[in-house]
Amino acid sequence: MQKKTGVAVDRKQMIIDSEKIRSSEFLLIGEEADRLGLECYVIGGWVRDLLLHRSSNDIDVVVVGSGIELAEAVVKRLGRGAHLAVFKTYGTAQVKKGDLELEFVGARKESYRHESRNPIVEDGTLEEDQNRRDFTINALAICLNKDRYGDLLDPFGGIEDLEDCTIRTPLDPDITFSDDPLRMMRGIRFASQLGFYLSSETFDAICRNRERINIITKERIAEELNKIMLSRRPSVGWKLLDKTGLLQLIFPELAELKGVETKEGKGHKDVFLHTLQVVDNVAMETDNLWLRWAALLHDIGKPKSKQWEAGVGWTFRNHNYLGAKMISKIFKKMKLPQNEKMDYVIKMVDLHMRPINLIEDTVTDSAVRRLLFEAGDDIDDLMLLCNADITSKNEDKVRRYKQNYELVKQKMIELEERDRIRNFQPPVRGEEIMQLLGLEPCSLVGELKSAIKDAILDGVIPNEYDAAKEYLMQLAKERGLV
Ligand code: ATP
Ligand code: MG
């Protein structure tokens, strides 16, 4: 007990000393609340992140009484450049000034019906408001009124859970998750984002309540999945989704990748575990969310293409192509974006074997140029994915692959410097071909254009106007066009 009190005192001192909480906005909110005779607290994610030394932009202020009334007073005091938006139906108000974003809400009590995650809301006390919060670490509140400025209210041992890196619900987890099943996703997301553990009661309750996820919209789920994907090691979140049984319900195609089949003593990689390793590898190198998604999906076509071939073993022929074809359906179903981001993921999945195949074959200039041409500006991302994909347990194999990978990369740099293939535009355009040869628009123009492209990619001619024109005229002569 002694130790816990000590920790709490240190925390209190840290909060009072914290420049963030002493900032003029918070003092001003407290002053206005005192003037109006309202109790008010900064609460939830912002307090958690303050104690974890993480940056956090959205500040939630809870008021025992009317949040809107306090927001109106605060916006007046903040003066020029401050804006107020009131949401009467929800009893909330938002104040913005520059980067500052404050959300004001009256303390409330919630009760739930079975079929919806949207509760019936009544005015309540601070304690009742803390009771409705999803996790102990998200229920922390700091008082802003002058006489108790900086007091930390931690009714559920949230500080201890922060110290122990634990995600735990304040009340009975079965009720917490059944009331609002999105909290199951949030819990796993926090575990992944903060590098925390789910307490065993929390974990078990997610397993028991997993089917309740069906009442949550796909958009909300996607939002949490993206946050998992953006965490330092996304595999933490995906593994928890799998272990709790949620994965099968929200993303069965990914769950399909699990497991190893053995025949005649030959097994294959567990594609699920391999995939998560690749995602973590990519995450170490880049924050690009969509490259991380491409890593997650790069082998999604493997179960469909898996075959046992006598004398060869397990094969996954064309899995990149089959996988790329599955993506638009998956994105649509999971309410992920149906735009150029999806096209990028499709392209990455489709091309992900190409650098590796180059590594395995003898690396010809022509093959490298073709890859540069097809990947265009995304070539660096593709190479990053390809490198992340090298995860064999056989160290010799990995070393050999990595060496060849460097070779291909070097060759790409040389060829790109010389031939500028990345943003390739044929040096002789369709219109000029028609003019030079006196042709009307027809398929022959396209054929000649692509013959020039092939000649450049194959290194027959350099990527230059004069050479391309000369090559065109020679082709035209051969075909009796001039
Ligand atoms: P982040 O902003 O990183 O997503 P957060 O914890 O701040 O994390 P918000 O959605 O901003 O999440 O919510 C602010 C606070 O509101 C939370 O800290 C939590 O106290 C409460 N909260 C949010 N969603 C829920 C929920 N579904 N059930 C219970 N409490 C919630
Ligand atoms: Mg927040």
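Reply: Happy to! Strands β4 (residues 92-97) and β5 (residues 100-106) are paired antiparallel, with 6 bridges between them. Keep in mind that this is a predicted model.

Me: Which residue in β5 is the bridge partner of K97?

Reply: That's L100.

Me: And what order do the strands take in the open sheet?

Reply: The order is β3-β4-β5-β2-β1-β8-β9, 7 strands with mixed pairing. The edges are β3 (83-87) and β9 (152-153); each has a single partner strand, so one side of each has no neighbour in the sheet.

Me: Let's move to β6. Which of its side chains are buried?

Reply: R108 and E110 are buried and point to one face of β6 (residues 108-111).

Me: Why does R400 count as partly exposed rather than exposed?

Reply: Because its relative accessibility is 48%, and a residue has to be over 50% to be called exposed.

Me: OK, and L371: buried or exposed?

Reply: L371 counts as buried because its relative accessibility is 1%. You'll find L371 in helix α20 (residues 365-375).

Me: How far apart are the C-alpha atoms of L371 and L351?

Reply: They are separated by 8.6 Å, with the two residues 20 apart along the chain.

Me: Last topic, backbone angles. What is phi for C165?

Reply: Phi of C165 is near 55°, which is positive even though the residue is not glycine. C165 sits in the loop between α6 (158-163) and β10 (166-167). With 26% relative accessibility, C165 counts as partly exposed.

Me: And what about phi of N318?

Reply: N318 has a positive phi too, about 60°, and is not a glycine. Its place is the loop between β13 (313-316) and α17 (319-333). N318 is exposed, with a relative accessible area of 53%.

Me: Great, thanks for the tour!

Conventions:
Residues are numbered from 1 along each chain as its sequence is written. Chains are lettered from A and ligands numbered from 1 in the order in which they are written. This is a predicted model: local features need pLDDT of at least 70, side-chain atom pairs count only at pLDDT 80 or more; totals for chains, interfaces and linings use all residues. Side-chain values use heavy atoms; hydrogens and water are left out. Buried means under 20% relative accessible area, exposed over 50%, partly exposed in between (1.4 Å probe, protein chains only). Helices (H or I, at least four residues) and strands (E, at least two) are DSSP runs, numbered from the N terminus. Two strands pair if DSSP finds at least two bridges between them.
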